[in-house]
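This report goes through a structure chain by chain and then contact by contact. Please keep the sequence and the coordinates open while reading.

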Amino acid sequence: MFLGIPVSPGIAIGMPLLYEPFVPGPWQKKVEKGRVEDELRRFEDGLAAAEKELEKICSGMKKNDPEKAKIFDAHKDMLCDAAIGEEIRQNISNSFSAQEAVYQVFGAYAKQVAQAPDPVIRERSADLLDVRIRLLRCMQGVPERDLSALEKPVILVAHDLLPSDTASLDPQKILAVLTEDGNTTSHSAIIARSYGIPAVLGIAGITGKVQPGNLVVVDATQGKILLDPDETLLQAYREKEARFNRRRELTRAWITAEPRMKDGERVHIELNIGRATPQELAQADSLDGVGLYRTEFLYMGRDTLPSEEEQTVAYSRVLQAFQGKPVTIRTLDVGGDKKLDCLELPAEENPFLGVRALRLCFEYPDLFMTQLRAMLRASIHGELWLMFPMVGGLSDLRRAKEFLQKAKEELDRSHIPYADNIKVGIMVEIPSIALMADKAARAADFASIGTNDLMQYTMAADRMNPKVGQYCRMYDPALFRLIRLAADAFRAEGKPVGVCGEMGGDPLASVVLLGLGIRRLSMGLSNAAQIKKNICAMDARRAAELAQSVCEMDTAEEAQVYLKRQLADFLPE
Amino acid sequence: MYEKTTKIINPTGLHARPASDFVKAAGKYKSEITVSNLESGVSCSAKSIIMILTLGLANGNRVKISAEGEDERKAVEGLVALIDSGIGE
């Protein structure tokens, strides 16, 4: 089995095609003085031919694939870059051959770009080298290789793919893309995603191991590659492929739908994000915002705490992607089940009942202030909803707000701007704050109910302990009653109240939440299409009746059986 | 030689389309034009899209435009005005 970076999800099973890119033939470095004119013409002709190729690719792509056309537009800009062109002509005038001049000058620029501070710009170094290959090829009069003439669908295996290799690629004939180089920001990744082709990049040694006769299984949901698997495993992957495709069809059909109930009531569907993957950010237009940005991912898997600068960049990126829609950023929530390498925490007898989340931030004021300043600085890029986790009472909220005020004053003193419309809200995940929700609703701008923790604290059942799994009951009437208390209180104050826990993305529980008057549900991207579909099939009155019934039931089991029967059509296929 | 200093005010900085517009505008002048990112001290030709991108000029960064040639004054004034206008953002 091989492992790589999954950059475009999906499952594919098929035969491989080992693909080798164009390699320019050898050339003379220097030419005699008398041939300078010839070499200049050779360069200009190659330039014109390359520009024509790029224009043709672009115009063919603009209508169907504007995102990809942008890449080639950028290539045209680089090809025609005035400074690069001038330098090449200068070198040729100094008796370098046209090929040598192109090779050296583009190489030098690529090297410089590869050192840019911004990682996105650094990736453009690969574009410059791609443009160089195109130009060299055009100067040799070799036509572009055509990947569209494949007879049957294949799994493309390459060292690396240049955008120019993939330009003519027929997405119907490519089952998956596997490369040795590359990562999530590479061209191969962008293009594979835009076509919805499964892709795994950065697979060490794959080109040397795959043989033409191998049956290749690509699991690009996990980045796994299998060669010639046995019948049982193959069957399992065929089923996984079918499941994945069904879900993708559902997503295609529903992700962009407006989540409006049959009686016209609009529900906000927001995203729970951690690493803020390109797939998640790409759906910004289809969704109503970010209901939960888990900032702990910035702190994980590293030895040092993330700097204010680094955090500002990360938060700004998400705020910009969701331009103007609420982005709810939660302050650091570690402790309990989540540990950090960059912050040594004392062991506790009962970590879930110990110093975690907001409590931990109070213990480490420097860490807290750094994060708050970063959020404030990022706030100018969008609509920031700042959320505190593990608020147990009004005093927690007041104390947290004092920190925030101090962070604002520090920025004021340094003349660093931040938005003045930031909303400050709380997670409702400790029963005590749910019981005080009427008070909390006056002190906070919004609330988001964290149902996972609210469940474990209400049921007194550790959700990480499988032995008490039977006590972690999502459909328990007690939990719905507590949620109702919080939802009613915030609605009475006219303040937004949503759910960002598992329940929001659960096909059955989400209907009950709608019935309790909640109109903001936040969930992982994989659940959003199903929930939108369900909302469009529900009306507010029926949801309210279902919720009413569930709240009056005796046990979670009863509620679950009832919901499954009532909402059979609402479960995924 | 003529030069002037200003500040990037458009929200995305000198990236993507704004950078492309800026380079196109610079290309219309005959003078040799240099852009310097005063935050990092790095400078490059104003006529090179790829080098402008590499400068990484972000919102709020101070920038110096200098030109040498027959239309140097016009070039610097024109490009500074373009930056100050927010480059269409």
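What follows is a description of a predicted model, taken in the order of chain B, the interface, and selected parts of chain A.

**Chain B**

Chain B is built from three helices and four strands. Along the sequence these elements come in the order β-α-β-β-α-β-α. The chain has 89 residues, and 52% of them count as buried.

**The interface of chain B and chain A**

The contact between the chains draws on 11 residues from chain B and 17 residues from chain A. The size of an interface is often given as the accessible area lost when the parts come together. For chain B and chain A the buried area is about 1100 Å², with 70% of it on carbon and sulfur atoms. On the chain B side, Ile50(B), Met51(B) and Thr54(B) supply 46% of the area that this chain buries against chain A, more than any other three residues. Helix α2 of chain B, residues 49–55, gives the most to the side that touches chain A, with five residues. By class, that side of chain B has five nonpolar, five polar and one charged residues.

How many salt bridges does the rule find across the interface of chain B and chain A? The number is zero. Polar contacts between chain B and chain A amount to three residue pairs, both residues of each being at pLDDT 80 or more.

**Helix α11 of chain A**

Helix α11 of chain A runs over residues 308–321. With 14 residues at 1.5 Å a residue, the helix should span 20 Å, and its end C-alpha atoms are 20 Å apart, so the two values agree. Buried residues of α11(A) are Glu308(A), Gln311(A), Thr312(A), Ala314(A), Tyr315(A), Ser316(A), Val318(A) and Leu319(A). An α-helix has 3.6 residues a turn, so residues three or four places apart point the same way. The buried residues of α11(A) pack against several elements of chain A, namely the strands β10 (268–273), β11 (290–294), β12 (326–330) and β13 (383–388), and the helices α10 (278–282) and α13 (365–378).

Leu319(A) belongs to helix α11 of chain A. Leaving aside neighbours within four places in sequence, Leu319(A) is in contact with Val327(A), Ala378(A), Ser379(A), His381(A), Gly382(A), Glu383(A) and Leu384(A). For one of these pairs, Leu319(A) and Ser379(A), the C-alpha atoms are separated by 7.5 Å, although the residues are 60 apart along the chain.

**Two positive phi angles in chain A**

Where in chain A is Asp228(A) found? Asp228(A) is in the loop between β9 (224–227) and α9 (231–254). Its phi is near 45 degrees, a positive value in a residue other than glycine. Ala276(A) lies in the loop between β10 and α10 of chain A. The phi of Ala276(A) is also positive in a residue other than glycine, near 55 degrees.

| Residue | Relative accessible area | Class |
|---|---|---|
| Asp228(A) | 46% | partly exposed |
| Ala276(A) | 3% | buried |
| Leu319(A) | 0% | buried |

Ala276(A) counts as buried because its 3% is under the 20% cut-off.

Terms used:
Residues numbered from 1 in each chain as written. Chains lettered and ligands numbered in written order. Predicted model: local features only at pLDDT ≥ 70, side-chain atom pairs only at ≥ 80, totals over all residues. Heavy atoms only, no water. Contact = heavy atoms within 4.5 Å. Buried area = accessible area lost by both parts, 1.4 Å probe. Salt bridge = Lys/Arg side-chain N within 4 Å of Asp/Glu carboxyl O. Polar contact = N/O pair within 3.5 Å; in protein donor to acceptor, adjacent residues only side chain to side chain. Nonpolar A, V, L, I, M, F, W, Y, C, P; charged D, E, K, R; others polar. Expected span 1.5 Å × (residues − 1). Buried < 20%, exposed > 50% of the residue type's maximum accessible area, 1.4 Å probe, protein only.
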